[in-house]
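Hello,

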Amino acid sequence: MSEQTTKIRAVIVDDEELARSVLREFLAGRPDVEVVAECANGFEAVRAVTELKPDLLFLDIQMPKLDGFEVLELIGSEVAVIFVTAYDEFALRAFEVHAVDYLLKPFGAERLAESLDRAKSRLGRRASLPVKALVSTARPKEGPAQRVLVRDGPRVHVVPVDKLDYVQAQDDYVCLHSEGKAFLKEQTLAELETTLDPGRFVRIHRSYLLNVERLARVEPYGKDSRVAILADGTRLPVSRSGYARLSELL
Amino acid sequence: MNPFLARGDRLGLYLASWLAVGGLLASAVARPGGFTWGQALVVLVPVTLVYGFVCLSSWYVCRATPLRARSGSSLLTNIGGASIVASGFWLLLGQGWARLLSGVPALDAAPALYARDRVLLFTVGVLLYVLATAVHYTVIAVEQSRAAERRALELQLLAREAELKTLRAQIDPHFLFNCLHSISALTGSDPAAARRMCLLLGEFLRTSVKLGAQDRIPFSEELALAERYLEIERVRFGPRLTIDRVVEDGVGACAVPALLLQPLVENAVTHGVSHLVDGGTVRLEARRTDGGLTVAVENRCDPDRPKRPRTGVGLQNVRKRLAAQYGGEAALRVDESAERFRVELRLPWAGE
């Protein structure tokens, strides 16, 4: 005997209009679900999540600019997610391993109803997704990252690694410096370091990760430490072990 | 490794022939009143067998002096020098053995045999070494030609495999599932469009299967297949995908390998336009150039696209097939900039 509960507020994210329309059609027949937004790409999805705070996201995996997993990394586990994909063997394996719900295109209304029931029980238990573990299983290791994604409230900045000058640690955040601009991202410096090319980014100090292509020279500073001077004149501290790592690379 | 030492059966045959040589030699030096054949056998056969092993060293001479690469004089010096040294060794060895045997009463005259037939035995030693060298050259040549045959066969298999792979990869499951999903969506909103999509997809599948079984097809058929594919993708992507077609009259008659253009067009959509939020254009060009057909597929792409190593597989397959079918006469050129990707194929013109 379930009581009349409030409607589940859902957002549909898919770059294909037809794929969105089929979900819209199926969900229109469900009195317990309300579609509050439709998004054609990952940027819109992050904005919708921030501004509308939905309960549930139908998230396509193959999308331009930001794929489904990148959206997931950016929004973390604040929303329940049902993944939607046509065919992606890596993603499917990850879903099986982490017992995550997904819909395979093409799907019917019955299969969607099962997924919704499971999502409702998850919402009741407030169970969240193991985001990091899921993303790392879903992506075949493809070498160092080419870009860093930063969420700034409803907006997403894409910082290409080529344009990244240096990164500064700030408590639980990192501050990415690129072309004179600074972007704050919720990640530890150690975590970020593992995703970047070790032949290019060196930990010159406990709090600084440097793109060696920007380094102009290193000068002594005080009696025991050094300072790195970048091509644009920025000065960054270099610790003793940082200097050892730097000399080893150069 | 020496081809005779590598295999037991060959080594057996090789030593048996040396045994025969020893026997013949014994009968050559046996004289009535002097040495009997039996005595000569005991003196000569063991030494001959040992010399057989020594002659295996001619393999190194063959390796160091490949027949094709060297002049006649260096061949003569190398082989001549080696055979004189080897034969000298064989004579010394024989004399030592004879001296040892002289302790046995019936063979006390063994050293005398060597003293008497020294020149003859030395000459025979040289000739035997030269003969062994010739045998080694033959064996090496036979082995090389077998290896070449095997390599050619392997290459053929590789080419065939590359072709099969392209055919298998032809109908991408991702594409199929997405099409079915689009049809499912249209069934509710626009049944006529759903039916049209079913027909398009059916035609596309039928044609790819049919063309896949053929070797060469008129370019017009290949072009029609690619256009059908783009039409289907236009249903999925809607206004995000536009097509620009610049095809010269008369190019359709050129015979081309089946399903060569198709993967390029597919790449342009899946790795190009589908990554653009606002979509883009796929440009298809075909024109007759001097003595050949030039086909190009060009698309806009995302300048921030992550570099994925997978994108090269389709192109590599096309490249392999071109190499297998035309050798150096066809070319595939890729022009890649931040926002544009262009693949150009040049094939020699072939009539029906």
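A term first: a patch is made of residues with over 30% relative accessible area and no salt bridge, and nonpolar side chains are joined into one when they lie within 5 Å. Please also note that this is a predicted model.

**The patch**

Tyr87(A), Phe177(B) and Leu180(B) make up a nonpolar patch on the surface, and their accessible area together is about 240 Å². Phe177(B) belongs to helix 7 of chain B, which covers residues 173–189. Its relative accessibility is 30%, so Phe177(B) counts as partly exposed.

**The two chains**

Chain A contains eight helices and 15 strands. Of its 250 residues, 48% are buried. Among the contacts in chain A with a separation of 6 or more, 55% involve residues 24 or more positions apart.

Chain B has eleven helices and seven strands. It has 352 residues, and 42% of them count as buried. For contacts in chain B between residues at least 6 apart in sequence, 73% join residues at least 24 apart. The accessible surface of chain B is about 18200 Å², with 62% belonging to carbon and sulfur atoms.

**Where the chains meet**

How many residues of chain A are in contact with chain B? There are 20 on the side of chain A, and they touch 26 residues of chain B. About 2200 Å² is buried between chain A and chain B, and carbon and sulfur atoms give 57% of this area. On the side of chain A, Glu16(A), Leu18(A) and Lys65(A) lose the most area to chain B, together 26% of what that side buries.

Three salt bridges are found across the interface of chain A and chain B. One of them pairs Asp15(A) with Arg240(B), with the closest N and O atoms 3.1 Å apart. Four residue pairs are in polar contact between chain A and chain B, counting pairs with both residues at pLDDT 80 or more. Helix 1 of chain A, residues 17–28, gives the most to the side of chain A that touches chain B: five residues.

Helix 2 of chain A runs over residues 42–52, and its buried residues are Gly42(A), Ala45(A), Val46(A), Ala48(A), Val49(A) and Thr50(A). What do these buried residues pack against? Their partners in chain A are strand 1 (8–13), strand 2 (33–39), strand 3 (56–60), helix 3 (68–75), strand 6 (147–152) and strand 7 (155–160). At the start of helix 2, a side-chain oxygen of Asn41(A) comes to within 3.0 Å of the backbone nitrogen of Phe43(A). Just after helix 2, Lys53(A) has a positive phi of about 45°.

Helix 3 of chain A, one of those partners, is mostly covered, with seven of its eight residues buried. The buried ones are Gly68(A), Phe69(A), Glu70(A), Val71(A), Leu72(A), Leu74(A) and Ile75(A). Asp67(A) caps the N-terminal end of helix 3, where a side-chain oxygen lies 3.0 Å from the backbone nitrogen of Phe69(A). After helix 3 comes Gly76(A), with a positive phi near 65°.

Regards

Conventions. Residues are numbered from 1 along each chain as its sequence is written. Chains are lettered from A and ligands numbered from 1 in the order in which they are written. This is a predicted model: local features need pLDDT of at least 70, side-chain atom pairs count only at pLDDT 80 or more; totals for chains, interfaces and linings use all residues. Side-chain values use heavy atoms; hydrogens and water are left out. Patches are made of residues with over 30% relative accessible area and no salt bridge: like charges are joined within 9 Å, nonpolar side chains (Val, Leu, Ile, Met, Phe, Trp, Tyr) within 5 Å. Accessible areas come from the Shrake-Rupley method with a 1.4 Å probe; for residues, only the protein chains shown count as cover. A salt bridge is a side-chain nitrogen of Lys or Arg within 4 Å of a carboxyl oxygen of Asp or Glu. Helices (H or I, at least four residues) and strands (E, at least two) are DSSP runs, numbered from the N terminus. Buried means under 20% relative accessible area, exposed over 50%, partly exposed in between (1.4 Å probe, protein chains only). Contact means heavy atoms within 4.5 Å. A polar contact is a pair of N or O atoms within 3.5 Å; within protein, one must be able to donate a hydrogen and the other to accept it, and residues adjacent in sequence count only if both atoms are side-chain atoms. Buried area is the accessible area (1.4 Å probe) that two parts lose on being put together, summed over both.
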